[in-house]
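Here are my notes for your first look at this model. Keep the structure open and check each point as you read.

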Amino acid sequence: MKPIKIGYKLWCLADQKGYIKKFQVYQGKDEQLENEFKDCGLGERVVLSLTKNEWGKKKQIFFDNFFTSIPLLEKLKIENSLACGKIRAHRKGIPILHDDSKLARGSTDYKITDSGIGVFKWKDTKSVLLASNYHGTEKTTVSVSRYNSVYLHTRAVLLLEFCF
């Protein structure tokens, strides 16, 4: 039998060394937070409330695909905050990219939205999507070594300061 799904969640804001700077205990709907950030989903509200003190400081904010959305990145860009994260392929507002079946291993595709949000796709064994409000489209050569000593050389969109 599975445990009860109702419980607590801890949302944390950590620095680059992993030290927690701020956290919230989530136990369900929060009317005050919903009123402060209207028309936002749960993930967006969490990121906006935890990072509010960091806005305008040109700090880099990274989050995973639960939180990442195009409207969140647009809001953080307006607030002069640099943000980047993996994004789910079915999220609203993502521009149409090449189909996975048409991309070879190691190839990339990207689109920039009208608001300046970059959405990047990189294909390895599966596709990885990344959205950013500050990465550009400069191209560079990337060498990847695999366990069988094969080296792949590909032209890829340069994504600085982000590791998968």
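This is a predicted model: local features need pLDDT of at least 70, side-chain atom pairs count only at pLDDT 80 or more; totals for chains, interfaces and linings use all residues.

The points below go from the overall fold to single residues.

1. Of the 164 residues, 34% count as buried. Now take the contacts whose separation is 6 or more: residues 24 or more positions apart account for 39% of them.

2. Start with strand S1 (9-14) and strand S2 (residues 20-26). The two run antiparallel, and six bridges join them. One place to look is Cys 12, which stands opposite Phe 23 in S2. Five residues lie between the strands of this hairpin. Among the residues of the hairpin, Gly 18 takes a positive phi near 95°.

3. **Helix H2.** Is H2 enclosed or open? Nine of its 10 residues are buried, so H2 is largely enclosed by the rest of the structure. The buried residues are Gly 43, Glu 44, Arg 45, Val 46, Val 47, Leu 48, Ser 49, Leu 50 and Thr 51. Note that charged residues are on that list, including Glu 44 and Arg 45.

4. **The nonpolar core.** In soluble globular proteins, nonpolar side chains tend to be buried together. Here the largest nonpolar core has 24 residues. Which of them have the most contacts inside it? They are Leu 48, Phe 63, Leu 76 and Val 119. The elements that give two or more residues to this core are S1, H2, S3, helix H3 (70-78) and strand S7 (127-132).

5. **Phe 63 in detail.** Leave aside the neighbours within four places in sequence. Phe 63 is then in contact with Val 47, Thr 68, Leu 72, Leu 73, Leu 76, Ala 83, Cys 84, Gly 85 and Lys 86. Val 47 in this set is one of the buried residues of H2. Leu 76 is, like Phe 63, among the core residues with the most contacts.

6. **The largest pocket.** About 570 Å³ of space lies in the largest pocket. It is lined by 19 residues, and the closest to its centre are Leu 13, Ala 14, Gln 60, Ile 61 and Phe 62. Strand S1, helix H2 (42-51) and strand S3 (60-63) each supply at least two residues of the lining. By class, the lining has 11 nonpolar, three polar and five charged residues.

7. Strand S6 (residues 118-123) is mostly covered, with five of its six residues buried. Five bridges join S6 to strand S5 (residues 108-112), and this pair runs antiparallel. Here Thr 108 stands opposite Trp 122. The S5 and S6 hairpin has five residues between the strands, and its Gly 116 takes a positive phi near 90°. S6 also pairs with S7 in the antiparallel sense, over six bridges. In that pairing, Lys 121 has Leu 129 as its bridge partner.

8. **A residue on the outside.** Where is Asp 114 found? It is in the loop between S5 and S6. Asp 114 is exposed, because its relative accessible area is 87% and exposed means over 50%. Asp 114 and Pro 95 are 19 residues apart in sequence, and their C-alpha atoms are 9.9 Å apart in space.

How values were computed. Residues are numbered from 1 along each chain as its sequence is written. Side-chain values use heavy atoms; hydrogens and water are left out. On a 1 Å grid over the protein atoms alone, a cavity is a set of points where a 1.4 Å probe fits but cannot get out, and a pocket is an open set with protein on both sides within 12 Å along at least five of seven lines; lining residues have an atom within 4 Å of a point. Grid points are joined across faces, edges and corners, and a volume is the space filled by probe spheres set on the points. Helices (H or I, at least four residues) and strands (E, at least two) are DSSP runs, numbered from the N terminus. A nonpolar core is a set of buried Ala, Val, Leu, Ile, Met, Phe, Trp, Tyr and Cys residues joined through side-chain atoms within 4.5 Å. Buried means under 20% relative accessible area, exposed over 50%, partly exposed in between (1.4 Å probe, protein chains only). Contact means heavy atoms within 4.5 Å. Two strands pair if DSSP finds at least two bridges between them.
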